[in-house]
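I opened my notebook beside the model today. I wanted to look up how the chain is laid out, then pick out a few residues.

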Amino acid sequence: AQKKVLLARADADQAKRTYDRDAKLGLTSDSGGLRIVAPKVIEGSKLLWDRAENAFVMAEFAVRKAELLKSAAETGKKKADWNVRLAQVRLDDTEVRAPITGVVSLRCVKLGETATPQAKAFRITDLENVRTIFYRPQRDLRTLADGEKRDVTATSEALLDRPDSSDLRVFRGRVGLVSPLVDPANGSFKVTASLKHPDGLL
């Protein structure tokens, strides 16, 4: 396109030189009193010059239009790229990932409902690490400490359903919290512990 502009400019300059020459010769007469270049020839040269100038203007306009269209296309591409990225981000936001491994123990949303970042969707339960609460008599208050590893004997419904197992099983756990308060009604205090049971028997 830029080459066409240069050629149009060259044609316009050549047409102007031709017109200037004819106009100058049109003012000169020969020995018989006749003009060397007739007025009609000068008018024709002027017309060709005007047409060449118009062709140059149109070629230059076409180049500018092409540049504007190219710029608009690049802007449209950038906008489309941003829309794709935004759509990908929104799509990624539709995927709910749990911070821990486990099983879904409670579903708080239904299919088709609008979900927000603040809304509860699911409850994930880690079956390999179970928190248990039990009570011990007051005499054991001084023997238990936070973070202490202890053996906990527990009755498991899963074990009770199996005829080849005993009713009780010992699980290894860690004491998480020992309440310093003693229930005056029964003289016991509360102990919170975490148990590991990869077999899922509790």
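**Entry 1: the layout.** I counted elements first. The chain has three helices and six strands. Helices here are DSSP runs of H or I with at least four residues, strands are runs of E with at least two, and both are numbered from the N terminus. I then read the order from the N terminus, which is α-α-β-β-β-β-α-β-β.

I noted the ground rules. This is a predicted model, where local features need pLDDT of at least 70 and side-chain atom pairs count only at pLDDT 80 or more, while totals for chains, interfaces and linings use all residues. Residues are numbered from 1 along each chain as its sequence is written, and side-chain values use heavy atoms, with hydrogens and water left out.

**Entry 2: the whole chain.** I looked up burial. Of the 202 residues in the chain, 17% are buried. Buried means under 20% relative accessible area, exposed means over 50%, and partly exposed is in between, with a 1.4 Å probe and protein chains only. Next came contacts, meaning heavy atoms within 4.5 Å. I took those between residues at least 6 apart in sequence, and 55% of them join residues at least 24 apart.

**Entry 3: helix 1 and helix 2.** I checked lengths. Helix 1 has 24 residues and reaches 35 Å from first C-alpha to last, close to the expected 34 Å. Helix 2 has 55 residues and spans 80 Å, close to the expected 81 Å. The expected span is 1.5 Å times one less than the number of residues.

How do the axes of helix 1 and helix 2 cross? Helix 1 (residues 2-25) and helix 2 (residues 39-93) have axes that come within 8 Å and cross at roughly 160 degrees. The axes are lines fitted to C-alpha atoms over the stretch in contact, and angles run from 0 to 180 degrees between N-to-C directions. Helix 1 and helix 2 are therefore roughly antiparallel, a label for angles over 145 degrees. The residues of their contact divide into 15 nonpolar, three polar and eight charged.

**Entry 4: what is buried there.** In helix 1 I listed Val5, Ala8, Ala12, Ala15, Tyr19 and Asp22 as buried. What covers these residues includes helix 2. In helix 2 the buried residues are Ile42, Ser45, Trp49, Ala52, Phe56, Ala59 and Val63. They pack against helix 1. I wrote a reminder beside both lists. An α-helix has 3.6 residues a turn, so residues three or four places apart point the same way.

Entry 5: Aspartate 20 lies in helix 1. Its relative accessibility is 35%, so aspartate 20 counts as partly exposed.

Proline 99 is in the loop between helix 2 and strand 1 (103-107). Is proline 99 buried or exposed? At 81% relative accessibility, it counts as exposed. Its C-alpha atom is separated by 9.1 Å from that of isoleucine 124, 25 residues apart along the chain.

Leucine 141 sits in the loop between strand 3 (129-137) and strand 4 (149-155). At 26% relative accessibility, leucine 141 counts as partly exposed. Which residues does leucine 141 contact, leaving aside neighbours within four places in sequence? I found Val178, Ser179, Pro180, Val182 and Phe189.

Note on methods. Angles under 35 degrees count as roughly parallel, over 145 as roughly antiparallel, 65 to 115 as roughly perpendicular and the rest as oblique. Ala, Val, Leu, Ile, Met, Phe, Trp, Tyr, Cys and Pro count as nonpolar, Asp, Glu, Lys and Arg as charged, and the others, Gly among them, as polar.
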